[in-house]
Every structure is written in C-alpha cells, then in structure tokens.
Amino acid sequence: MSGDAAPHVVEDFFGVVRLLSDGSVVRGDETVLMLVDTVPDVPCVEWKDAVYDAARGLEVRVYRPTPAAADEGGGSTKLPVLVHFHGGGYCIGSYDQAGWSDYARIRIPDYFCRRLAGDLPAVALSVQYRLAPEHRLPAAIEDGAAFLAWLRAQAVLGAGAEPWLAESADFSRTLVSGVYAGANLAHHVAVQVGSGQIELHPVRLAGYVLLSAFFGGVERTSTEVNPPAGVSLTVAMSDQLWRMALPVGATMDHPLANPFGPDSPDLAPVALPPVLVEAPERDVLRDRVLLYAARLKEMGKAVELAEFEGEQHGFSVRGWGQANEELNKRSPANLGCSCSDCGTESI
C-alpha cells in the first residue's frame with residue numbers, strides 16, 4: 001500500500017538540505033558550499049553571544065571594538081548599531097556560519113561583522129533566525145521582528161540592558177543589513193518599521209543595506225534568462241531555495257519573494273529609511289536588484305545604488321578585497337540621507 005511506502009526525497013540541495021515526502025528534513029555539512037577567499041585577521045574586536053528569544057532558543061552574536069581599540073579612538077563616544085541577517089536562501093546559513101578558505105576554517109558572517117565592527121567602527125549584531133523548510137516563511141520574518149522588539153527593549157532598559165549594548169550602543173544610529181536572504185529579510189523588517197507595524201522608539205532606524213538581495217518572481221528577468229558567465233548562484237538553485245522556503249503551494253510572486261508582485265503591498269506610502277543597494281555584475285538576480293532600486297527611486301525614496309563590475313553574488317561576505325573596501329566606505333557615508341530635503345541626518 002502507498003501509505004506504507006518509505007519517505008522519499010523531494011528536494012535535495014547539494015546534499016546539505018534534503019526535504020522528504022513526509023515533510024521531514026535531513027541536513028548535511030554546509031561547509032562544502034562555503035568556499036571563501038583568503039582573509040586577514042581582524043584584531044581589536046571582541047564578541048559574545050546573547051539570547052534574544054528564549055522560547056525559540058534564538059541568539060545574537062554581539063561584536064564591538066575592544067576597550068583598548070575604543071580608547072585609541074576616543075572611547076567616550078557610543079557607536080552606531082549594525083543589525084545583520086545572514087544569507088542562505090532562508091534554508092541554510094547561520095549567524096555564526098562556518099566556511100573554508102584555502103588555508104583555514106573561518107566563519108561567515110563572523111569575519112564580515114568583525115570587519116564592520118572594527119572598521120566603521122560599530123556595534124555589529126549577527127542575528128540567528130529559524131530556517132526553512134522546517135520553518136517556512138514567514139517564520140524568519142517573524143524572528144527579525146522579534147529581534148527588533150528585543151533591541152528596543154534593550155534601549156528602553158538603558159543601564160539594565162545587555163552590558164555591551166548599554167556601554168557601547170548608540171540606538172539612535174541603528175542600521176539593518178543583510179546578505180542574500182538576509183537582505184530580503186532586512187527589506188521586510190524595514191517595511192514593517194516604516195509602516196508602523198514595528199514600534200522601535202527610542203531606537204531609530206537610520207537606514208538599511210541590501211547585499212546581493214534574494215528576490216524572486218514568476219516572470220523571468222533578462223539576467224535569469226541569459227545568466228552572466230560563471231555565476232555562483234544559478235536560477236535553478238534560486239528556484240529550489242524558494243520552493244523550500246515559501247509557504248507550501250506559493251509561487252515566486254508571493255509578497256515575501258517579490259516586493260512588486262500582484263499581491264504585494266504598495267511601498268509608496270511606507271516611510272522607508274535611506275537604503276544602500278549592492279548590485280554585483282555577475283549575479284542572476286542582478287535585474288531584480290536593479291528593479292528594486294529603480295522602483296524605490298520612482299517613489300521618491302532615498303536610494304544609493306552601488307554597482308560592482310565583475311563581482312559575484314554575495315562577494316561582500318566571501319572575502320575582502322577592493323570592492324569590499326569601497327562598499328565599506330560607502331555604507332556609513334550614505335546610509336544617512338545625502339539629500340538636503342528628506343529630514344534624515346547622516347550617520
């Protein structure tokens with residue numbers, strides 16, 4: 001009888017995530033997908049983990065310059081807060097994600113957050129969220145909103161907050177960033193803040209950053225039909241991740257995948273903060289990223305588009321080179337508003 005048949009694999013993402021016909025999930029070693037470039041050490045940055053959702057066991061990794069480094073920089077000034085959501089198509093990845101370089105095991109986005117904490121400098125917060133297909137969307141979006149609620153509580157508590165935040169965080173200069181699916185998540189929480197669904201005060205969202213954003217749609221774009229040569233993320237990979245991440249039966253025009261789909265909310269009345277949008281040249285999702293920036297500009301939003309010739313999808317967390325240095329320089333300068341009439345101060 002068919003009811004006695006053993007579960008079979010219905011989705012297999014490189015052996016790292018296997019979804020079975022009974023809904024169960026078998027996970028493998030993600031490091032096989034995480035080859036990264038050689039990176040230098042990041043001295044003078046310290047980190048610790050904190051729990052932001054005890055019921056779900058969700059944590060955040062907090063990074064800040066060491067006291068010695070802070071003293072060298074003047075020490076008394078509190079630092080901007082950078083909230084970062086990791087990538088992985090909502091199906092893989094972690095806030096303390098590990099990868100392999102050609103010489104040693106490093107952690108992604110650990111290295112990325114350490115660089116930002118030390119170079120900007122800032123208090124960087126790498127946020128854990130639930131993964132699909134065990135927890136399909138909107139679970140990750142709900143976790144992002146829960147984290148911002150926790151962050152607001154930290155600001156309200158003041159001296160009673162998590163000690164590093166109480167000592168070092170300037171909550172009036174808070175940024176939300178993300179890479180791949182994390183960029184998608186950053187978009188959605190920024191929309192929730194801008195539409196009043198998330199109350200942040202006294203935290204102020206000064207801007208958000210989308211790095212190689214993970215968007216989708218039923219109608220194919222030019223870069224999806226004719227991908228650039230040597231892409232690291234293929235259309236088939238993107239489609240498969242969306243199939244495992246979205247609610248069962250949803251198409252890629254679902255509002256969580258396509259911000260401009262037929263059922264997506266109108267973003268024109270949403271009070272979005274300034275956004276920096278990174279668009280690598282060698283990315284099958286490039287056209288969707290460019291469309292996102294263009295549509296927001298048409299609505300009168302403050303958008304900074306950073307295009308990077310020759311770079312791959314997700315280059316910003318796969319190593320550190322000239323493009324990363326350029327992106328790092330642009331982020332703090334442009335996330336506050338560069339225009340004179342929008343009423344938002346530069347950070």
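Which residues form one aromatic cluster with Trp242? In this predicted model, the cluster consists of Tyr90, Tyr129, Phe214 and Trp242. Local features need pLDDT of at least 70 and side-chain atom pairs count only at pLDDT 80 or more, whereas totals for chains, interfaces and linings use all residues. Residues are numbered from 1 along each chain as its sequence is written, and side-chain values use heavy atoms, with hydrogens and water left out.

The structure contains 8 aromatic pairs. Rings of Phe, Tyr and Trp (its six-membered ring) are paired if their centres lie within 6.5 Å; planes under 30 degrees apart count as stacked, over 60 as edge-to-face and the rest as tilted. One of the pairs joins Tyr52 and Phe147, whose ring centres are 5.2 Å apart and whose planes stand at 90 degrees, so the arrangement is edge-to-face. Because Tyr52 belongs to strand β4 (residues 45-53) and Phe147 to helix α3 (residues 139-157), this pair ties together parts that are 95 residues apart in sequence. Helices (H or I, at least four residues) and strands (E, at least two) are DSSP runs, numbered from the N terminus. Both Tyr52 and Phe147 are buried, that is, under 20% relative accessible area (1.4 Å probe, protein chains only), where exposed means over 50% and partly exposed lies in between.

Tyr90 and Tyr129 are both buried.

Charged side chains also meet aromatic rings. The charged end of Lys48 sits over the ring of Trp164, 5.2 Å from its centre, a description that requires NZ of Lys or CZ of Arg within 6 Å of the ring centre and within 35 degrees of the ring normal. Arg61 lies over the face of Trp47, 3.9 Å from the ring centre.
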